[in-house]
Amino acid sequence: METFKTFCKRGMRGIGISVFAMHIAQFIVSFILHDGAFYVVPPELIAARGSEFAAVVFQFVVGVVFGCIYGMATAVWKYDTWGIAKQAAIHFAITCAAYLLAGWFCFWYEHSIRGMFIDIVIFFGIYVVIWSVIMCWQHVQLKKINKKIG
């Protein structure tokens, strides 16, 4: 069982990754729109919060909470008795739910069933790519360890 300290470390690591990812997303959106502006938050969030500063602070806090949840969700990989498919399904469910809530409140996607569906598909695609890269890397590492063992 995870200790409270280890669980908190996972959350803090997730916060760091989330803040970094939010900045990367801002650069990507600004690059894609290519109109010379830097988009820190969606215009809908600015309208909902009343000012750009309030929107930035709100998105940052939501991103930090999301990152913490995401980081803590990595604890599911410690339950070896569950099997890789169950671990991945539970991790995906937790992180996708957190992402959808964060995205809804921060207007990261269109507020409709269609918008939510598209966002789930994008999240799933990114999740599968990252998960596959990690699995391949771990497979290579295991082969190296087995080769050393003999």
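Relative accessible area sorts residues into buried (under 20%), exposed (over 50%) and partly exposed (in between), with a 1.4 Å probe and protein chains only. The model is predicted, so local features need pLDDT of at least 70 and side-chain atom pairs count only at pLDDT 80 or more, while totals for chains, interfaces and linings use all residues. Residues are numbered from 1 along each chain as its sequence is written, and side-chain values use heavy atoms, with hydrogens and water left out.

**View 1. Salt bridge between R114 and E110.** The side chains lie 3.5 Å apart, N to O; a salt bridge is a side-chain nitrogen of Lys or Arg within 4 Å of a carboxyl oxygen of Asp or Glu. The count by this rule is 1 salt bridge. E110 is partly exposed because its relative accessibility is 43%. R114, at 55%, is exposed.

**View 2. Nonpolar surface patch that includes L33.** The members are F20, I24, F27, I28, V29, F31, I32, L33 and F38, with about 960 Å² of accessible area together (Shrake-Rupley method, 1.4 Å probe; for residues, only the protein chains shown count as cover). Patch residues have over 30% relative accessible area and no salt bridge; nonpolar side chains (Val, Leu, Ile, Met, Phe, Trp, Tyr) are joined within 5 Å, like charges within 9 Å. L33 belongs to helix α1, residues 4-33 (helices are DSSP runs of H or I, at least four residues, numbered from the N terminus). At 47% relative accessibility, L33 is partly exposed.

**View 3. Packing of α1 and α3.** Helix α3 spans residues 52-73, and its axis is 6 Å from that of α1, at an angle of about 130° (axes are lines fitted to C-alpha atoms over the stretch in contact; angles run from 0 to 180 degrees between N-to-C directions). The two helices are therefore oblique to each other: angles under 35 degrees count as roughly parallel, over 145 as roughly antiparallel, 65 to 115 as roughly perpendicular and the rest as oblique.
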